[in-house]
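Please look over the structure shown below, with attention to its charged pairs, its helices and its surface. The report that follows takes these topics in turn.

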Amino acid sequence: MVFPEFAPAQAYTLEPPRAPRPIVVLGAGGIVRDAHLPAYRKAGFTVAAICDVNEDRARALATEYDIPAVFGSIPEAVTAAPADAVFDIALVPDQFISALEALPDGAAVLIQKPLGNSLAEATALLELCHRKKLVAAVNTQLRFAPQVAAARALIAAGTIGELFDLEIRISVNTPWEMFPFVFGMERLEFTMHSVHYMDLVRSFLGNPTGVSAVTVGHPLKELASTRSVIIFRYRDRPIRVVISTNHDHDYGGRFEESFIKWEGTKGAVRAQLGLLLDYPTGGPDALDYVLRDAPDAGWRPIPFEGSWFPDAFIGSMSALQRFVEDSVPVLPTSVDDVFDTMAVVEAAYESNDREGVAPAYLPSSTPLTSQKET
């Protein structure tokens with residue numbers, strides 16, 4: 001049996017498209033300012049237009065990034081778009097349906113993650129994309145982070161052998177106030193953050209056969225949930241997969257953690273996600289590996305260039321454009337694939353709601369200590 005991590009999709013090689021298409025960005029929020037536009041500028045992609053209901057905000061970004069056209073409504077932007085445009089939907093999930101409906105049938109589109117707030121919304125979005133014959137991908141860009149791409153290549157080459165452990169641990173102080181739209185959301189941590197990690201695990205190991213999870217809020221914060229533990233089960237593999245997130249570690253940076261670690265029969269590789277350390281300033285990125293047959297060498301660095309923000313956004317857009325131009329045969333982040341990520345997210349919420357299995361304790365009337373007979 002060949003496990004999925006030994007045969008990654010060609011699109012994960014991070015090569016650029018042969019003939020980049022113009023991009024029309026729908027949305028001008030913080031993620032566009034901090035990641036999308038810096039990524040496209042770095043890659044040399046042409047952004048033909050930007051659109052936002054807050055036209056002044058869109059115009060400010062257009063001035064900064066030399067974008068020639070600004071629109072205040074999606075229909076206007078779509079009407080004026082080049083015939084071969086790729087649409088980059090950088091909106092909140094509640095706005096996806098109307099944005100997708102406005103696109104021409106058959107258009108290429110990159111949709112911001114998550115693919116809806118629930119599996120029901122993901123289903124509606126998938127059906128819409130199929131009905132309109134859209135070439136649609138989801139911007140689950142952690143798959144394309146430079147250190148993840150380098151780790152993927154190392155694992156695919158068999159360097160660390162067969163995987164038996166995959167751990168993702170995040171213990172940081174996340175400034176949720178930077179994202180005011182999350183306050184009041186009924187679903188938060190799984191859907192808006194850990195979806196990255198659930199999607200990443202799937203991109204390496206395929207779909208799990210089961211999911212166990214718990215997510216909780218913080219007593220001092222008005223947020224639905226900020227800390228989670230998620231366990232993936234693969235019935236036919238002796239592998240432990242655990243995702244642990246704590247966004248409330250606000251005790252200084254000394255013991256903050258943000259890493260992905262893959263352990264195999266021949267060695268291990270660890271990627272540090274510096275972006276989440278002291279966010280949004282970020283800390284250092286790193287990628288190191290160790291081999292079982294070279295213990296004296298210890299952990300050794302693996303060179304890579306770039307970081308999650310903005311470089312992963314280059315890879316996400318490039319994968320879609322390479323698929324559209326037929327330079328890669330598979331679009332690994334298609335809406336059909338990422339629908340399964342949303343199925344995993346939904347299963348995690350269902351597991352959380354079930355609250356686990358109650359242990360078979362002794363009856364409460366049973367004494368805690370035995371007494372000698374007199």
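This is a predicted model: local features need pLDDT of at least 70, side-chain atom pairs count only at pLDDT 80 or more; totals for chains, interfaces and linings use all residues.

Lysine 221 belongs to the loop between β8 and β9, and aspartate 248 to the loop between β10 (240-246) and β11, so the contact ties together parts of the chain that are 27 residues apart in sequence. The two partners fall into separate accessibility classes: lysine 221 is partly exposed, at a relative accessible area of 25%, whereas aspartate 248 is buried, at 4%.

## A buried pair and its network

Glutamate 167 and lysine 261 form another salt bridge, in which the closest N and O atoms are 3.4 Å apart. This pair links distant parts of the chain, since glutamate 167 sits in strand β7 (residues 163-171) and lysine 261 in strand β11 (residues 257-264), 94 residues apart. Glutamate 167 has a relative accessible area of 9%, which means that it counts as buried, and lysine 261, with 14%, is buried as well.

Both residues also take part in a network of salt bridges, whose members are Asp165, Glu167, Arg169, Arg240, Glu257, Lys261 and Glu263. Over the whole structure, the search finds 22 salt bridges.

## A pair within helix α2

Glutamate 55 and arginine 59 also meet through their side chains in a salt bridge, with 3.0 Å from N to O. Why can these two side chains be placed on one side of their helix? They are 4 residues apart in helix α2 (residues 55-65), and therefore separated by about one helical turn. An α-helix has 3.6 residues a turn, so residues three or four places apart point the same way. Glutamate 55 is partly exposed at 32% relative accessibility, and arginine 59 is likewise partly exposed, with a relative accessible area of 40%.

Helix α7 (residues 189-205) contains 17 residues and spans 22 Å from its first C-alpha to its last, close to the 24 Å expected at 1.5 Å a residue.

Helix α1 (residues 30-43), with 14 residues, reaches 19 Å between its first and last C-alpha, close to the expected 20 Å. Its kink, of about 30 degrees, lies at histidine 36, shortly before proline 38. Both histidine 36 and proline 38 are among the buried residues of α1, which also include Val32, Ala35, Leu37, Ala39 and Tyr40. Glycine 44 follows α1, and its phi is positive, near 80 degrees.

Val214, Val216, Val229 and Ile231 together make a nonpolar surface patch of about 260 Å². The elements that contribute two or more residues to this patch are β8 (210-216) and β9 (227-233). Valine 229, placed in strand β9, has a relative accessible area of 35% and is partly exposed.

How values were computed
Residues are numbered from 1 along each chain as its sequence is written. Side-chain values use heavy atoms; hydrogens and water are left out. Patches are made of residues with over 30% relative accessible area and no salt bridge: like charges are joined within 9 Å, nonpolar side chains (Val, Leu, Ile, Met, Phe, Trp, Tyr) within 5 Å. Accessible areas come from the Shrake-Rupley method with a 1.4 Å probe; for residues, only the protein chains shown count as cover. A salt bridge is a side-chain nitrogen of Lys or Arg within 4 Å of a carboxyl oxygen of Asp or Glu. Buried means under 20% relative accessible area, exposed over 50%, partly exposed in between (1.4 Å probe, protein chains only). The expected span of a helix is 1.5 Å times one less than its number of residues. The bend at a residue is the angle between axes fitted to the seven residues ending there and the seven starting there.
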